[in-house]
Amino acid sequence: MSDSDEYVDLPVSDDEEFEDGEDVDGHSEEEEDGGPRKKSKQHAEQLKRLQEKDPEFYKYLEQCDKELLEFDDDDIDDNQLTDEEPSSVLKEEPKESVKPITMQMVDSWCKGAEDGNIGSIRSVLQAFRKACHYGEDNGDNSAPKFSVMSGSVLDKVMHFVLKNIDRILRQLLDAPSFGGRKETISELIITKPWKRHGRLMRVYLANALHMITEMTDEQMIAFTVHRVRASAVFLSAFPALLRKYVKALLHTWSRGRGAMPLVSFMFLRDLCIQLGSECLDTCLKGIYKAYLVNCKLSKSISGSKLQHIQFLGNCVRELYSVDPQSAYQHAFVFIRQLAVILRGALTERGPKTLKDKKQKESSKPTKKQMEKSYQKVYDWQYIFCLELWTSVVCGCSSEEDFRPLAYPLTQIIHGVACLVPSARYFPVRLRCVKMLNCIAEATGTFIPVSSLLFDMLEMKELGGKPDGVGKAVNLFSVKQVDKKTVKTRAFQEACIYSVVDELAKHLAQWSYSIAFTEMSFLPLLRLRSFCKTVKADRFRREMKDLIHQIEANTEFVSSKRTGIGFSPNDLAVDSFLQIEKEERSSPLSRYVAALHQRTKSRMDALDETRLVLYFYLFSARLLLCNILNKSTVHAIFV
């Protein structure tokens, strides 16, 4: 990758436009802006205005430059051609009478379309176009041939076209009955059926896109996207229309609710699989930028928003796993982009090396500058990006193309965890430890995360006496806590329990290793030291339980290790305790499973406590409404 392909700031803007070559109805911009028919119209209008504003100059042109006035209007639309010679002033065209579309007409067209009648198919698609543009101003003096008059007719046309037109057009164009690949469409567009009727598919796709982008009913948009998805492969024949579809689908995927994000993502995934590199690069870049826009959050995050972001992250991971070789290039650029931001935060925290001590002292950054430098890293958007790429790398760990990204990503996560060694940012550190454990488990690589956890235990905020009980803290819904919360017993409990959970997971990953006895020596040493210094009995009991499980696992491995007959560098080491590993029967594995259930119960209880609190607040508000007048209550709560 060249340096020109790298970015320093996260691309969060969702207003970037694709270079469109077609309008919504499938007409090219050249035909709309620079076509001969429109030029003729513009020339005629200019001459008309000239005759009205300056009749003397117009008369002079008639005498001296008559060829300029007698332009050729053969390119005007066929409906506007006349046998009269061109005149200096164009007469207004009379409007055609509007024919209402009745249910009987629609029924006959639908029956004819099912039988393969070309005229009926064209009429149905024309009615579908009017249905998609229903209620819009045409913007010109030409009247439509048909007009949808009733809601029942509109529903009939929309339902029939969205449900059946893909199958009808495939039969008409001699295309495969379903699915297809880009190569199939490349062969299809040179056939006679496509040259004669291929534009019908373009009309259908273009007007369906107009409905997706202009409608406000999310259920109808989701239904439309779901039905049009069957014709996704035909977009390879219309590149400009394809770009507009990708843009629209990314918008409905990132901003929609209900079923809309899921059906939009399935459409995008089909495009990437069926069209390949023609669409894949655009989708990979676009879906990452759309994900970033959703990650711009405040200090805390609600459970529903967290679930939505996790769903979007799963979609991004799935799309990047479609073609790991192509996705690697994009993942490399975006991960390095995170590294550049972290490097900037690290370098801005302290002065550069200077020979003159006075210059060194004067160049020291202020406290606000230091906070601003690491706030770029300790931001929800940055943290969710790290979790996203952790998920992608772990999900594609079996692919040789993605495995090299595990090391730089691990370095970035470790740097983020150590950026600000303060108890206020323990939530970020715990998230980083969680990511490192996931990478270690997916890649089978040892990552020394225990040092990050023991550094937390040695801070005075966790070992000292708390100032009060405090509110229950969910460390995975905040990125930092205030100074008062750090000194509470609730914060200490949340941190201690989280440290025990993550340390047990880390050691359980290697509980079947032949070197577990040596690997667990230092953790046992530091855990015993913490038990001697901690003042709270409940924390001491928690650590003693973990120590007991580690010692039991050490005896478990040592008993199995006494009967082996191979050296440590032998390939047979990989088969050591393989059966026990598949059964997850080690003491630490069983202990981690119990901790997982305890953590889940604690989080459920925390959510129930919040619901009860909200209920009491709401009840108090209703009580005040009964006692005080409405204006007073409004003043209190506003």
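Just after helix α12, G276 takes a positive phi of about 70 degrees. Helices here (H or I, at least four residues) and strands (E, at least two) are DSSP runs, numbered from the N terminus. The model is a predicted one, so local features need pLDDT of at least 70 and side-chain atom pairs count only at pLDDT 80 or more, while totals for chains, interfaces and linings use all residues. Residues are numbered from 1 along each chain as its sequence is written, and side-chain values use heavy atoms, with hydrogens and water left out.

Back to α12 itself. Buried means under 20% relative accessible area, exposed means over 50%, and partly exposed is in between (1.4 Å probe, protein chains only). Among the buried residues of α12 are M260, P261, F265, F267, D270, L271 and L275. The buried residues of α12 pack against α8, α10 (218–228), α11, α13 and α14, where contact means heavy atoms within 4.5 Å.

Next comes α13 (residues 277–294), a helix of 18 residues. From its first C-alpha to its last, α13 reaches 26 Å, close to the 26 Å expected at 1.5 Å a residue. Its buried residues include C279, L284, I287, Y288, Y291 and N294. The packing partners of these buried α13 residues are α11 (239–255), α12 (260–275), α14 (303–320), α15 (324–348) and α18 (380–395).

Leaving out residues up to four places away in sequence, Y320 touches L284, I287 and Y288, along with A327, H330, A331, F334, W389, V392 and F402. The largest nonpolar core has 171 residues, and Y320 is one of those that touch the most other members, together with Y204, L205, Y245, L271, W389 and V416. A nonpolar core is a set of buried Ala, Val, Leu, Ile, Met, Phe, Trp, Tyr and Cys residues joined through side-chain atoms within 4.5 Å.

What about the protein as a whole? It has 30 helices and 2 strands. Of its 638 residues, 42% count as buried. Among contacts with a separation of 6 or more, residues 24 or more positions apart account for 73%. The protein exposes about 35,600 Å², and carbon and sulfur atoms supply 51% of that; accessible areas come from the Shrake-Rupley method with a 1.4 Å probe, and for residues only the protein chains shown count as cover.

On the surface, F521, L522 and L525 form a nonpolar patch with about 330 Å² of accessible area together. Patches are made of residues with over 30% relative accessible area and no salt bridge, with like charges joined within 9 Å and nonpolar side chains (Val, Leu, Ile, Met, Phe, Trp, Tyr) within 5 Å. A salt bridge, in turn, is a side-chain nitrogen of Lys or Arg within 4 Å of a carboxyl oxygen of Asp or Glu. F521 is found in helix α26 (residues 521–533) and is exposed, with a relative accessible area of 53%. S520, by contrast, sits in the loop between α25 (516–519) and α26 and counts as buried at 1% relative accessibility. Not counting residues up to four places away in sequence, S520 touches I550 and T554.

The loop between α26 and α27 (537–561) holds K535, an exposed residue with a relative accessible area of 62%. K535 and K465 are 70 residues apart in sequence but 7.3 Å apart in space, C-alpha to C-alpha. Leaving aside neighbours within four places in sequence, K535 is in contact with G463 and R540. G463 belongs to helix α22 (residues 460–463) and is partly exposed, at 21% relative accessible area.

Two other spots have a positive phi in a residue other than glycine. For D174, phi is near 55 degrees; this residue lies in the loop between α7 (151–172) and α8 (182–188) and counts as exposed at 58% relative accessibility. For R584, phi is near 50 degrees; its place is in the loop between α28 (578–583) and α29 (587–627), and at 54% relative accessibility R584 counts as exposed.

Notes:
Expected span 1.5 Å × (residues − 1).
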